[in-house]
Amino acid sequence: MAALPLSASDFRTLAAQVTTLAAEYIAGLDGRRTFPRVSGAQSHKLFGEVLPENGLGPAAFTALHEVLELSRPPSPRFFGYVLGSGEPVAALADLLASVLNQNVTAWRSAPAAVALERELIGALAAALGCPGYHGSFCGGGSMANLMALAMAREAQLPANEDGVRAGVVYASSEAHMSIPKAMAVLGLGRKNLRLIPTDASWRMNVSQLRQAIAADRSAGRAPFAVVATSGTVNTGSIDPLAQIAALCHEYDLWMHIDGAYGALAALAAPERFEGLNAADSISLDPHKWLYQPLDCGVLLFRDAAAARKAFSYTGDYAKSLDDDPLEGFAFFEESLELSRRFRALKLWLSLRYHGMQAFRGAIGADLRHAQLLAQQVAASPRLELMAPVSLSAVCFRYRAETAGVDEDRLNAAMLKRVIERGSVYLSNATLGGRFALRACFVNHRTTEADVARIVPEVLAAAQELLAES
Ligand SMILES: Cc1ncc(COP(=O)(O)O)c(C=O)c1O
């Protein structure tokens, strides 16, 4: 086993083993616990062995069983965070992407991959009602948001040569943590991110946004961008995009839409996303609401020249010698990344295999599942719905029967217990300082019967805890 090359027949045998393992895993997903029974220490002990000096050969693959057993499965009853369910046709494409090992830097390095990615970006943008937008795939929404704010900064307050000047960005108090993180990384400073309060539906309050911009302007500061969120991470609320776009137009500000969670739902419910096509840039996460395996993020932008202004800084070794606009194209002129995986292949194959209608149908089912859970919560006297359900996130909590119970602590303990019970997986949110249980539906495997498991599990967890106290 001293040499690395693998014969074609060994590859075929091993690939067959892996696909059998994967197919059995998928077939058994419904019967699996939603979180494995394992402690941190046990998991580290299992994978902490010394790496072998001499290869194990096919026996190396036996340990994959342990990886599978200790993984948190993409179960039909996984409702935590905002995490897509891993569509298997896309997973097969990922295998091929690794075999092809295209470095999707530039057309001359990866002709099929670059052409496919550019065409897919155009088609996806058009399907969302944003024809003519450009863009690229990236690791996820956080990276897309970072690149968008870098573009906004360079368009409005150029910093690439002389360094950063102070400038102010606006987002709602419900904005994702990747926005303050981007402010910090870009040297703009988190203190220059104004978190605008939200209305009763957790949407950015536009008149307060206007006041904040005006106040900063009259104090001599330099507002330069607004981040609207279409699908906030806590409740799925959609900021008033069209009104924010009008304000950005009026004040000449860059408008970015963080659509990492929600904007892809415009494929199924475009009427909820009026104003999406007024943005200068939009983050999307096909690894959330197009069910793609991680990682699969997208940044769309209206003006490719703005992307080049922010990111084009090409070493001589990478300069294209080609005048043909297609053959001379390089993603690294329009993106922070240089070496890039062939991420578009999985989405392309998955969309081609199932068709757009199937994806619209699955998103529609997620939207219905959220309404169904909201009804079931509303029908339960011990549960309280904590926010309107704008998309597919449902925030709720248990109300104790007796006075004097710390409901935040009780609900936090309940979440831990629900996860330990292993039948459904929920996560949490904090709304107005109050702890909420949260179920988010971006899962193509979920059925109504799976949704119906949530309320009984939550109530059972509460009963167990109250009986123990
Ligand atoms: C609204 C929003 N923006 C950005 C992100 C970050 O996306 P990623 O985890 O792909 O970096 C998330 C993740 O949940 C999100 O919900």
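How far is the sulfur of Cys130 from the closest cysteine sulfur, and in which residue does that sulfur lie? In this predicted model, the closest cysteine sulfur to that of Cys130 belongs to Cys248, at 15 Å. A disulfide is a covalent bond between the sulfur atoms of two cysteines. The cut-off applied here is 2.5 Å between the two sulfur atoms, and the 15 Å separating Cys130 from Cys248 is therefore too far for a bond. A search of the whole structure returns 0 disulfides. Both cysteines are shielded by the protein: Cys130 is buried, at 0% relative accessibility, and Cys248 is buried as well, with a relative accessible area of 3%.

The ligand is surrounded by 15 residues, and the closest of them are Gly141, Ser142, Asp258, Asp285 and His287. Sorted by class, this shell holds 8 polar, 4 nonpolar and 3 charged residues. For Asp285, a polar side-chain atom is 2.6 Å from a ligand oxygen. Gly141 takes part through its backbone, a polar atom of which lies 2.8 Å from an oxygen atom of the ligand. Lys288 contributes a polar side-chain atom at 3.1 Å from an oxygen atom of the ligand. On its own the ligand has 390 Å² of accessible area, and the protein covers 84% of this. Two elements each give two or more residues to the shell, namely helix H6, spanning residues 141-156, and helix H10, spanning residues 286-289. The largest share comes from H6, with 3 residues.

Arg397 belongs to strand S9, which runs over residues 393-398. With a relative accessible area of 4%, Arg397 is buried. Its side chain makes a polar contact of 2.6 Å with the side chain of Asp408. A polar atom of the Arg397 side chain also lies 3.2 Å from the backbone oxygen of Phe435. When neighbours within four places in sequence are left aside, the residues in contact with Arg397 are Arg382, Leu383, Glu384, Met386, Glu407, Asp408, Asn411, Arg434 and Phe435.

The peptide bond between Leu294 and Asp295 is cis, with omega at about -10°. Asp295 is placed in the loop that links H10 to strand S7, the latter formed by residues 297-301. H10 is one of the helices that give residues to the shell around the ligand.

Tyr81, a residue other than glycine, has a positive phi, near 50°. Tyr81 sits in the loop between helix H3 (64-69) and helix H4 (88-100). The relative accessible area of Tyr81 is 43%, and the residue therefore counts as partly exposed. Asn101, also not a glycine, has a positive phi near 50°. The loop that holds Asn101 lies between H4 and helix H5, which covers residues 111-127. Asn101 has a relative accessible area of 62% and is exposed.

Key
Residues numbered from 1 in each chain as written. Predicted model: local features only at pLDDT ≥ 70, side-chain atom pairs only at ≥ 80, totals over all residues. Heavy atoms only, no water. Buried < 20%, exposed > 50% of the residue type's maximum accessible area, 1.4 Å probe, protein only. Near = heavy atom within 4 Å. Polar contact = N/O pair within 3.5 Å; in protein donor to acceptor, adjacent residues only side chain to side chain. Areas by Shrake-Rupley, 256 points an atom, 1.4 Å probe, with all protein chains shown as cover. Helix = DSSP H or I, 4+ residues; strand = E, 2+ residues; numbered from the N terminus. Nonpolar A, V, L, I, M, F, W, Y, C, P; charged D, E, K, R; others polar. Contact = heavy atoms within 4.5 Å.
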